[in-house]
Structures are given as structure tokens and as C-alpha cells.
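Subject: Model for your files

Dear colleague,

Here is the structure I said I would pass on. My notes on the helices and the sheet follow below it.

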Amino acid sequence: MKPVEIKIAWQGQSDCETCTIRSSALFAELNEEDFSKIHSPIDDLGYEANSPIYSQGESAQHVYTLRQGYVKLLHLNPDGTSRIVRLVRPGDLFGMESLLGDHYKHAATALTNAHVCKIPKNVISILGEESPRLHRQIVKKWGEALSQSEGWFSEINTGRIEVRLARFLLKLAKESGSFAVAPLFKREDMGLMMDVKFETISRALASMAEQGLISNITRLSVQIPNIDTLRNFSEKGI
């Protein structure tokens, strides 16, 4: 077993055939014969919130699937500024640039405690050549990532901040009984996502609470009393 590092814990080698999110992950369409061709270990890793997964410019040797939690992809500009370009959600693939180049184009960091599968890119290359099922899934996942990134910019970077926050919360909300719950992240991270100062995020959340759109704001989550009302607000801004 690999040594346990601070903020990163090795959970063992992934059993991809019995994975609980296999239906939405990279190996969704593979059969038993395909799995028999995987000869390199796929590590199952746990990351604590704010732990780096890989750095921009680092040698790209792996592709990652997120099983639990949230991960941010951060682009560092030459002038020292940075921007979150994608929010990775459970079932999403990231680090895909390793399949085309030698270095990662962005930095990946756990926004929350995260559970990640670390897949050697040679596994993907070999299976991609031998299995049309995996090739289809890679193309599908790449398309989803591009669509998600494009939608990300258009939806949470246009309009007044309360409307943008409403769209953001609706993307992540999960219904729980008579209300819904959406995760929140560090206000600085949310500011980087929406290209505003973190104080603006805090003020906007308070304004939305005063309007009854959200409630029970904590550091890590917020309740949505009526998701249809929030959706109507996100569409009409009223």
C-alpha cells in the first residue's frame, strides 16, 4: 500500500466493474472482456478540501474520474491572475488533456472532500484502440466537458449577480423533501467562478435570502425553499 500523505489518502485500487457511479463514469459501456485488458492499477484516492490534485504545467500522466465531491479547474495567467474555468461534478472526467499532450493545461484542486479515481493514460490509450465502446465514451465525456465549460461561462458570467447565483445554485441543487439543498464553496472561489469579489458574493446571498429565494445559509450549503420560484427568478430576474 502506498504511504498515506497529509490531505491525500490511498483507498486501494478501484474495482471499476462494481463502481457505484459506473453508469455515469468513463467505463460505463465496457464489458468483462474490456476490463480484462486493464493491466495498470487504477488508484482510488481521497482528497481533503483545498488539496491540489495536479498543477498547471505538470507532466500529464493520468486522467481522473470524480466519484464524490467537487473539484475546480483553475487557469493561471502569466500576469499572476487566475480564473476557475470549470466545476467538476461526480461522474465527470477531468485531466483529459493528458490524452493529447504532455502537460496539464489547468490546475485541479478539491473544492470539498473528494473521492477520485486516477487512471493511467496508457490504460485509456490501449483500451481506446481495442474497444470502440471506450472510444465512444471518451468522445461523449469530452463533448460533455466542452458543453459544460461553455455553458458555465454564459450562464454564471452574464446578468446581475443574484441571477447568476440563482443559475449556479440550480445547477447543483438536490431536492430533499419539501425543499432543495445546494452546496456552497469558499466565497473567494465563488468569486473566481463569477469574476467578482468575494464580498459581492456574500452580499448577493444575503439579498437573495431577504427575498425568500434561499434560506439557512451556512459556509458549505444553502436551502432553497421553492426551487420553481428560484428557477423563475433565474429566467426572468424578478
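Predicted model: local features only at pLDDT ≥ 70, side-chain atom pairs only at ≥ 80, totals over all residues.

The axes of α5 and α6 (residues 198-210) come within 7 Å and cross at roughly 100°.

On the α5 side, the residues in this contact are Arg187, Glu188, Met190, Gly191 and Met194. They meet Phe198, Ile201, Ser202 and Leu205 of α6. Sorted by class, the contact between α5 and α6 has 5 nonpolar, 2 polar and 2 charged residues.

Next, the sheet. Its 4 strands form an open sheet in the order β3-β8-β5-β6, and the pairing is antiparallel. The edge positions are taken by β3 (52-54) and β6 (82-88); each has a single partner strand, so one side of each has no neighbour in the sheet. On average, and with direction ignored, neighbouring strands are turned by 30° against each other.

Between β5 (residues 71-76) and β6, the antiparallel pairing runs over 6 bridges. One of the residues involved is Val71, whose bridge partner in β6 is Val88.

Helix α5 (residues 187-194) also packs on this sheet, where it touches β5 and β6. The direction of α5 makes about 95° with that of β6.

Regards

Technical notes:
Residues numbered from 1 in each chain as written. Heavy atoms only, no water. Pairing = 2+ DSSP bridges. Helix = DSSP H or I, 4+ residues; strand = E, 2+ residues; numbered from the N terminus. Axes fitted to C-alpha atoms, helices over the stretch in contact; angles between N-to-C directions. Contact = heavy atoms within 4.5 Å. Nonpolar A, V, L, I, M, F, W, Y, C, P; charged D, E, K, R; others polar.
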